[in-house]
Amino acid sequence: DEWELNGWFDDRENEIPIEYELHDNYPNPFNAQTSITFEIPRTGNVNLNVYNLSGQRVETLVDGYLNVGFHTVNWDAAAYSSGIYFYRLQVGDFVKTKKMNLVK
């Protein structure tokens, strides 16, 4: 017997990431709200912070223990001015920073 699966289907609920990854925020540039997605292959203490162009931390989005998996955090930047911001993910020895652009 042959069978075929057509279309798109996302079963990430049962997947375990194989490496740490910080994805590009979406949308970027954004007006007021954006989503940041990251993957962690081991349970641990996670820090996700947003910094302004001067390097000052302006927001802490995650500061705590998270389970293995795919995670998405939304940032509402309505109280901040237009400009370039950086978001930094730290989990144990893994650290990655990316740039995003707030346009109002």
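How many residues lie between β6 and β7 in their hairpin, and which residue in the turn has a positive phi? In this predicted model, two residues separate the strands of that hairpin, and Gly-92 in the turn carries a positive phi of about 60 degrees.

## Overall composition

The protein chain contains zero helices and seven strands, so that, by the definition of these elements as DSSP runs, its pattern along the sequence reads β-β-β-β-β-β-β. Of the 104 residues in the protein chain, 35% are buried, and the chain exposes about 7100 Å², of which carbon and sulfur atoms supply 45%.

The contacts can also be described by separation in sequence: among those that join residues at least 6 apart, 55% link residues at least 24 apart.

Within it, Val-50 is placed opposite Tyr-87 of β6.

Strand β6 also pairs in the antiparallel sense with strand β7, residues 94-102, here over nine bridges. One of the positions in this pairing is Gly-83, whose bridge partner in β7 is Leu-102. The two strands of this pairing are those of the hairpin with Gly-92 in its turn.

Strand β2, residues 33-40, and β5 pair over eight bridges in the antiparallel sense, and Ile-36 has Val-73 as its bridge partner in β5.

Leu-22 belongs to strand β1, which spans residues 21-22. Is this residue buried or exposed? Leu-22 counts as buried because its relative accessible area is 0%, whereas the cut-off for burial is under 20%.

When neighbours within four places in sequence are left aside, the residues in contact with Leu-22 are Ile-36, Thr-37, Phe-38, Tyr-87, Leu-89, Lys-96, Thr-97 and Lys-98. Among them, Ile-36 is the residue bridged to Val-73 in β5, and Tyr-87 is the β6 residue that stands opposite Val-50.

How values were computed:
Residues are numbered from 1 along each chain as its sequence is written. This is a predicted model: local features need pLDDT of at least 70, side-chain atom pairs count only at pLDDT 80 or more; totals for chains, interfaces and linings use all residues. Side-chain values use heavy atoms; hydrogens and water are left out. Two strands pair if DSSP finds at least two bridges between them. Helices (H or I, at least four residues) and strands (E, at least two) are DSSP runs, numbered from the N terminus. Buried means under 20% relative accessible area, exposed over 50%, partly exposed in between (1.4 Å probe, protein chains only). Contact means heavy atoms within 4.5 Å. Accessible areas come from the Shrake-Rupley method with a 1.4 Å probe; for residues, only the protein chains shown count as cover.
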